[in-house]
Amino acid sequence: MQNAILDKIDQMKMREGVAKMEPGDTVRAHVRIREGEKERIQIFEGTVIAQNNTGLRETVTLRKISFGSVAVERIFPIHSPIIAEFEIVRRTRVRRAKLYYLRNLRGKAARLRERDRR
């Protein structure tokens with residue numbers, strides 16, 4: 001009984017039309033940033049290296065190489081109101097669900113193969 005009520009609440013809070021992301025995809029996350037009274041959107045573009053949980057608690061880990069070869073990883077809750085949208089830039093073919101091995105690779109070794117467009 002309680003689970004059914006909680007599931008209904010989760011369904012109401014889940015966002016519709018979220019892009020279907022998979023590990024290896026390059027994604028732009030449009031994040032709302034509040035600075036005092038003002039609000040702006042900041043874009044974080046990176047490779048999906050992991051997806052965790054399901055439903056309302058679903059998260060995605062994005063990794064990008066920043067200026068000076070510094071790697072930055074951020075975990076985004078998919079259904080959070082902070083996220084304006086996810087935009088898929090490119091899809092790649094990978095054979096793992098978690099791409100943590102990319103942390104040890106640099107340059108050309110860290111490239112992923114483009115998936116066939118169909």
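**Close-up 1. Helix α1 is hardly covered.** The count of buried residues among its twelve residues is one. Buried means under 20% relative accessible area, exposed over 50%, and partly exposed in between (1.4 Å probe, protein chains only). Helices (H or I, at least four residues) and strands (E, at least two) are DSSP runs, numbered from the N terminus. This is a predicted model: local features need pLDDT of at least 70, side-chain atom pairs count only at pLDDT 80 or more, and totals for chains, interfaces and linings use all residues. Residues are numbered from 1 along each chain as its sequence is written, and side-chain values use heavy atoms, with hydrogens and water left out. At 1.5 Å a residue, α1 should span 16 Å. Its end C-alpha atoms are 17 Å apart, which agrees. The expected span is 1.5 Å times one less than the number of residues.

**Close-up 2. A nonpolar surface patch holds I5, L6, I9 and M12.** Together they have about 410 Å² of accessible area (Shrake-Rupley method, 1.4 Å probe; for residues, only the protein chains shown count as cover). Patch residues have over 30% relative accessible area and no salt bridge; nonpolar side chains (Val, Leu, Ile, Met, Phe, Trp, Tyr) are joined within 5 Å, like charges within 9 Å. I5 lies in α1, residues 2-13. I5 is partly exposed, at 44%.

**Close-up 3. D25 forms a salt bridge with R91.** A salt bridge is a side-chain nitrogen of Lys or Arg within 4 Å of a carboxyl oxygen of Asp or Glu. The closest N and O atoms of D25 and R91 are 2.8 Å apart. The pair links distant parts of the chain, 66 residues apart. D25 sits in the loop between α1 and β1, R91 in the loop between β5 and β6. D25 is buried, with a relative accessible area of 0%. R91 is partly exposed, at 28%.

**Close-up 4. R28 and E45 meet in a salt bridge.** The N to O distance is 3.0 Å. R28 lies in strand β1 and E45 in strand β2, so the pair ties together parts 17 residues apart in sequence. Both count as partly exposed: R28 at 26%, E45 at 32%.

**Close-up 5. V18 is found in the loop between α1 and β1.** V18 touches I78, H79 and F86, not counting residues up to four places away in sequence. Contact means heavy atoms within 4.5 Å. V18 counts as partly exposed, at 28% relative accessibility.
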